[in-house]
Amino acid sequence: MWEDRRLRDIAEADLQRLVTSGLEEHLHLEYKSALYDGNDRGNQEFLLDACMFANAGGGIILIGIDERRDDQGQPTGAPDPDAEIGINIPNPELLLQAYDARAVAAIQDRLPLESAAIPVAGGRHVLAIRVPRSNASPHCVRYQGHVYASPFFDANGVWASR
């Protein structure tokens, strides 16, 4: 998705097309309705998501895109076309820098994340974080004295162990 474009060149109209298309989450796309929690659990979740994308051939995390819910209230993986896109963040660029710093500090073998705060209606933003395909995979997360392995996928998107 958007392989030929820098994230800073993505506009609200591109996000709207993505949402109305109903493109579901997959091995290279993750929707998050809200920011990762600012606690240990949220930090670990972000790091493992980034690590998984690096091990799976790359991907994009879109923060500020709600997922449609099923009858039991569980996320379906498809974007919710009826929800507002974006979240209110006072300084989105600073937050993206903090996510990058977390990745540098905790993911073994540096991942050069690309990120952008995409402005949308109402002064909100969608935070887009592209994790590149890594030739140094499998990556793991070292966080608070623990090592967490993230799934490694081969070039066909099939789980592989190393």
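Guide: A polar contact here is a pair of N or O atoms within 3.5 Å. The model is predicted.

Visitor: Which residue caps the N-terminal end of α2?
Guide: Look for a side-chain oxygen by the backbone nitrogen of R41.

Visitor: How do the buried residues of α3 fall, seen down its axis: within what arc?
Guide: The buried residues of α3 are P92, L95, L96, Y99, A103 and A106. They line one face of the helix, because they fall within an arc of 110°.

Visitor: Which exposed residues does the other face of α3 carry?
Guide: That face is turned away from the buried side of α3. Its exposed residues are L94, Q97 and A105.

Visitor: Which strands stand at the edges of the sheet?
Guide: The open sheet has 4 strands in the order β1-β2-β6-β5, with mixed pairing. Each edge strand has a single partner, so one side of each is left without a neighbour in the sheet. The edge strands are β1 and β5.

Visitor: Which residue of β2 stands opposite E30?
Guide: β1 and β2 pair in the parallel sense over 4 bridges. Opposite E30 stands I61.

Visitor: What angle does the direction of α2 make with that of β2?
Guide: α2 packs on the sheet, touching β1, β2 and β6. Its direction makes with that of β2 an angle of about 150°.

Conventions. Residues are numbered from 1 along each chain as its sequence is written. This is a predicted model: local features need pLDDT of at least 70, side-chain atom pairs count only at pLDDT 80 or more; totals for chains, interfaces and linings use all residues. Side-chain values use heavy atoms; hydrogens and water are left out. A polar contact is a pair of N or O atoms within 3.5 Å; within protein, one must be able to donate a hydrogen and the other to accept it, and residues adjacent in sequence count only if both atoms are side-chain atoms. Helices (H or I, at least four residues) and strands (E, at least two) are DSSP runs, numbered from the N terminus. Buried means under 20% relative accessible area, exposed over 50%, partly exposed in between (1.4 Å probe, protein chains only). The arc is that of the directions from the helix axis to the C-beta atoms. Two strands pair if DSSP finds at least two bridges between them. Contact means heavy atoms within 4.5 Å. Axes are lines fitted to C-alpha atoms, for helices over the stretch in contact, and angles run from 0 to 180 degrees between N-to-C directions.
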